[in-house]
Amino acid sequence: MVKPPREADRYDITHYPPRLESVPLSRLRVARLVTEWGHPSLVDDAALLTSELTTNALLHGCLRDRLFRVELLLTGSVLRIVVTDPKGERRPAPRTPAGDDQFGRGLLLVRALAADWGVQELTVGKAVWAELGACPDQERRLDQNPGPPGL
């Protein structure tokens, strides 16, 4: 069993094989955990960030027989998604795709959705992370006060 980081209120780590079906599996797991951890308003963004980061790991960072890892940490008011893959030399960088490009928009989505994101070099491989704000008091207020009638 992996020990969670000391600062984490909630923590999950799962290893996945470098196969296409790992993307929806990781996305569903993150969505379920974010809901269970009391942050349903973050589910859609957390699931999309997970999809983009795991897809990038599969396309650019995985090796045939090496697992990649998805970590989810909830610390105070921050939800962090971390995807670790074995190819440290393949660092992600946002780019501007041409209108007809099929790929190249993932990190633009990550940059638009995440409060912060980045890359950490590891001894072997790299970790790409994205953070969302997770203020429980704000979520409770939004749930209890949905806004003016008729909206």
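The structure is a predicted model, in which local features need pLDDT of at least 70, side-chain atom pairs count only at pLDDT 80 or more, and totals for chains, interfaces and linings use all residues. Residues are numbered from 1 along each chain as its sequence is written, and side-chain values use heavy atoms, with hydrogens and water left out.

**Exercise 1.** Determine how many helices and strands the protein has, and in what order they run.

*Solution.* Step 1: helices (H or I, at least four residues) and strands (E, at least two) are DSSP runs, numbered from the N terminus. Step 2: by this rule the protein has 4 helices and 5 strands. Step 3: read from the N terminus, the order is β-α-α-β-β-α-β-β-α.

**Exercise 2.** Classify serine 22 and leucine 25 as buried, partly exposed or exposed.

*Solution.* Step 1: a residue is buried under 20% relative accessible area, exposed over 50%, and partly exposed in between (1.4 Å probe, protein chains only). Step 2: serine 22 lies in helix 1, which spans residues 22–36, and leucine 25 is also found in helix 1. Step 3: serine 22 has a relative accessible area of 1% and is therefore buried. Step 4: leucine 25 has a value of 48%, so it is partly exposed. Step 5: contact means heavy atoms within 4.5 Å; leaving aside residues up to four places away in sequence, serine 22 touches Tyr16, Pro17 and Phe68.

**Exercise 3.** Describe the largest nonpolar core and identify the element that gives the most to it.

*Solution.* Step 1: a nonpolar core is a set of buried Ala, Val, Leu, Ile, Met, Phe, Trp, Tyr and Cys residues joined through side-chain atoms within 4.5 Å. Step 2: the largest such core has 31 residues, of which Val34, Phe68, Leu72 and Leu79 touch the most other members. Step 3: the elements giving two or more residues to this core include helix 2 (43–61), strand 2 (68–75) and strand 3 (78–85). Step 4: helix 2 gives the most, with 7 residues. Step 5: a second, separate core of 6 residues includes Leu73, Val82, Ala127 and Trp129.

**Exercise 4.** Explain why the buried residues of helix 3 line one face of the helix.

*Solution.* Step 1: the buried residues of helix 3 are Gly106, Leu107 and Val110. Step 2: seen down the axis of helix 3, these residues fall within an arc of 90° (taken from the directions from the helix axis to the C-beta atoms), so they line one face of the helix.
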